[in-house]
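I opened the notebook to look up a few things in this structure, going from single residues to the whole chain. The entries follow in the order in which I made them.

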Amino acid sequence: MTEQFKNQLQSAGVDVSGALNRFMNNEGLYERFLRKFPADTSYQNLLNAIDSSDFEEAFRAAHTLKGVAGNLGFDNLLTYIVPLVEVFRDKKSDIPSDQLQGAKDEYQKLLDIISANA
């Protein structure tokens, strides 16, 4: 993993050192999981579930995304996803648009960084 990649991730609010700790300080393993992140379907499943007002599926997808984001150190994404998990856990239909938009923005920022360093 290049220093530039690490710096870009850190600038985007990624807790690289915490994530590396969870990956037993194996940078190669962490980088492989980072590169798999764009293929993870939980984000798209979340958007699809919201569009179809399927709050049970939205909860599952948001909860899965929360776990993935937590393991990879995506702290800025977590600040938006964690409250959404609770909204869907309670099966509320009033989804905070600022939370959802923040999650979308952070997700896209991470995808851009990962793809730029592929």
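For contacts I took heavy atoms within 4.5 Å. I worked on a predicted model, in which local features need pLDDT of at least 70 and side-chain atom pairs count only at pLDDT 80 or more, while totals for chains, interfaces and linings use all residues. Residues are numbered from 1 along each chain as its sequence is written, and side-chain values use heavy atoms, with hydrogens and water left out.

**Entry on Lys6.** I looked up Lys6 and found it in helix α1, residues 3-11, where helices are DSSP runs of H or I of at least four residues, strands are runs of E of at least two, and both are numbered from the N terminus. Lys6 counts as buried because its relative accessibility is 12%; buried means under 20% relative accessible area, exposed over 50%, and partly exposed in between, with a 1.4 Å probe and protein chains only. Setting aside residues up to four places away in sequence, I noted that Lys6 touches Met1, Val16 and Glu27.

**Entry on Gln8.** In helix α1 I also looked up Gln8, which counts as partly exposed at 26% relative accessibility. Beyond its neighbours within four places in sequence, Gln8 is in contact with Ile113 and Asn117. Gln8 and Asn117 are 109 residues apart in sequence, yet their C-alpha atoms are 9.5 Å apart in space.

**Entry on the loop between α2 and α3.** Which residue here has a positive phi of about 55° although it is not a glycine? I found Met24 with that value, in the loop between α2 (16-22) and α3 (27-36). Asn25, placed in the loop between α2 and α3, has a positive phi near 55° and is likewise a residue other than glycine. I kept both in the notebook because most residues other than glycine have a negative phi. Met24 is exposed, with a relative accessible area of 69%, and Asn25 is exposed at 57%.

**Entry on the nonpolar core.** I took a nonpolar core to be a set of buried Ala, Val, Leu, Ile, Met, Phe, Trp, Tyr and Cys residues joined through side-chain atoms within 4.5 Å. The largest such core has 38 residues, of which Tyr30, Phe37, Leu46, Phe74, Leu77, Ile81 and Phe88 touch the most other members. The elements giving two or more residues to this core are α1, α2, α3, α4 (42-51), α5 (55-72), α6 (75-89) and α7 (97-116). For Leu46, leaving aside neighbours within four places in sequence, I listed contacts with Ala58, Ala61, Ala62, Leu65, Ile81 and Phe88.

**Entry on the whole chain.** The protein chain has 7 helices and 0 strands. Its radius of gyration is 14 Å, close to the 13 Å that the globule rule gives for 118 residues, so the chain is as compact as a globular protein of that length; the radius is taken over C-alpha atoms, and the rule is 2.2 Å times the number of residues to the power 0.38. Along the principal axes, the C-alpha trace spans about 45 × 25 × 20 Å. Buried residues make up 40% of the 118 residues. Of the contacts between residues at least 6 apart in sequence, 62% join residues at least 24 apart.
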